[in-house]
Amino acid sequence: MPVLKILLKRNRIWVFAAILAALVSNLSQMFYFVFVGKLVDKIAGRQTIEYSFIAILAVFMIANVVTVSLNHYIGHMTAEKMAHSLRMGYARKLLKKTNGENRSCDAGQIMSVVQNELAQADAYLGNTFFDIFSMTFSGILVLVFLLFQNALLTMTLLIPAILILVYVLILSKRMTPLVSETQNAKNRMNHAVYSTVHAFPAIRIFDGEKLAMHTFQRETTDWVRSATKLERRSALYNSLSGVLSGIPLLLLLLAGGYMVLDGHIMLGTLIVFLNLQKSLMGFIMNLPAWIGGFKIFTANLTRIEIE
Amino acid sequence: MIRLEKVSFSYDKQEIFRDLSLHVEKNEKVGIVGESGCGKSTLLKLIAGLYLPSEGKICVDGETDPARISRKVSVVMQAPMLLPMTIMENITMGHEYPAERIDRVCEEAQLSKWIGTLSEGINTYLGDRSDELSGGQAQRIAIARAMCKDAQIILLDEPTSALDAENTAAVLEALRRYTVDKTVVHVTHRPEHLKGYDRILKMEDLIGK
């Protein structure tokens, strides 16, 4: 069974709670913004603001704060539970291996897994994994809501965003082999360092210093070359994505402003769009980065065996 | 050829042995037996110039400088100590040797048959396949490496510990043939591996003499 599936299954109650918390938190946030929009409309239309309206707005405001905090807490707690399952699962597998399943327990490879794959998977779980849940719910809910509010304005926002997304996705596809290449180069370098230390007596007796240095230099150079290439490509894609992500917002301001001036929509609706577009754009524009991050995460997990 | 005079060795403030003396003549084959942990491997590393004694004198083929001693001996340790390189590089350690010599040592170390099954033969990279390599294969590469150096003094530390009975007999026979005109110190806890040796000494008999 894939490692991720095992981790999700082992922590299914926490995972369910995290998904639920993300859903509730995003729903409450959306309703809060809708009521803020209505408040703007009432103010702009010089209408009377009822006490009941203010009370409902206050309830949504409080609910928003509470659910966002809960979502944050449960998400991170779930991530930590899963990271713990991963670490302990790896340790259990390792202990089982040294009981005779494997001829030799290569300390270099074990250290490499602990320092690289395990540490990176751990960091991804803690920093990103459950934020993706939350942002995905948020993006989908907001998209449906905005389409009902004003389909034309939503499309003004959505179409350029999707075009940019496709463009960035195509570029990010080129990242996968680079990530794998860099990981392999790093593993080879760690293995070379460990072997050089471990085989020092042989190097000394057989006068192999030159060869050992050559090997170490070759592996280090390979890793530096791969890592530099990966970072350069990653920086290029991220900055491109950042610059392009401003275009949909500009279009929304232009089209939305024109519609308000023309009387097609209320100012409150534009305010709602401006508030909620962050959730939608955050979801769409971060998708390639999430996919890239998720690919690195799953690639790391394929190198880890757990019990 | 090998002289150890009242040698003591401590590691991490723990004394491994004290006043150990050993004399080995040229072309003599000496086996040293003793329980695990009595300092047999340490003794071999001292002779090889890999460790410095806390007290006493070590002289190997007229040399007392550990770095120079290391150049004069060939060692097969319990652990094969392979590097992430090709089989060829692990055997030659980057030195230029005639192809015939490399073929001969591969044959004598019972490596040729296995190497013949590899698509890249002796140039197969071992770096990523340490798990695929059996203990026997790894140790036979280490034995071929020791043979390839062709030093006059051969130090053996349980060289067949990772091999099965059949391979052990074959490798010991190959080592016996190879070391006919060499000086050998072989430490082991299995005296049956020392058949035909000139002297078999117990580790405790060397201490305090």
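Hi everyone, let's start with one residue: D205(B) lies in helix α8 of chain B, residues 203-206. Helices here are DSSP runs of H or I, at least four residues long, numbered from the N terminus. This is a predicted model, so local features need pLDDT of at least 70 and side-chain atom pairs count only at pLDDT 80 or more, while totals for chains, interfaces and linings use all residues. Residues are numbered from 1 along each chain as its sequence is written, and chains are lettered from A and ligands numbered from 1 in the order in which they are written.

Back to our residue: is D205(B) buried or exposed? D205(B) is exposed, because it has 12 other C-beta atoms within 10 Å. The cut-offs, with C-beta atoms placed from the backbone, are 20 or more others within 10 Å for buried, 12 or fewer for exposed, and partly exposed in between. D205(B) and L22(B) are 183 residues apart in sequence, yet 9.8 Å apart in space, C-alpha to C-alpha.

Now to helix α1 of chain B, residues 40-47, where six of the eight residues are buried. Among them are L43(B), L44(B) and I47(B). Just after α1(B), G49(B) has a positive phi of about 80°.

I47(B) leads us to the largest nonpolar core, which has 63 residues. By nonpolar core I mean buried Ala, Val, Leu, Ile, Met, Phe, Trp, Tyr and Cys residues joined through C-beta atoms within 7 Å. I47(B), A48(B), V73(B), A144(B), L155(B) and V185(B) touch the most other members. Helix α6 of chain B, residues 135-149, gives the most to this core, with seven residues. What does V185(B) touch? Leaving out residues up to four places away in sequence, its partners include I2(B), V24(B), L44(B) and I47(B); touching, or contact, means C-beta atoms placed from the backbone and within 7 Å.

Over to chain A. Helix α6(A), residues 175-198, packs with α10(A), residues 267-302, at an angle of about 35°, with the axes 10 Å apart. Those axes are lines fitted to C-alpha atoms over the stretch in contact, and angles run from 0 to 180 degrees between N-to-C directions. Residues of α6(A) including V179(A) and Q183(A) meet a set in α10(A) that includes G292(A) and I296(A).

Finally, how do the chains meet? 19 residues of chain A are in contact with 22 residues of chain B. The largest share of the chain A side, five residues, comes from α6(A).

Definitions and conventions: Helices (H or I, at least four residues) and strands (E, at least two) are DSSP runs, numbered from the N terminus. Two residues are in contact if their C-beta atoms, placed from the backbone, lie within 7 Å.
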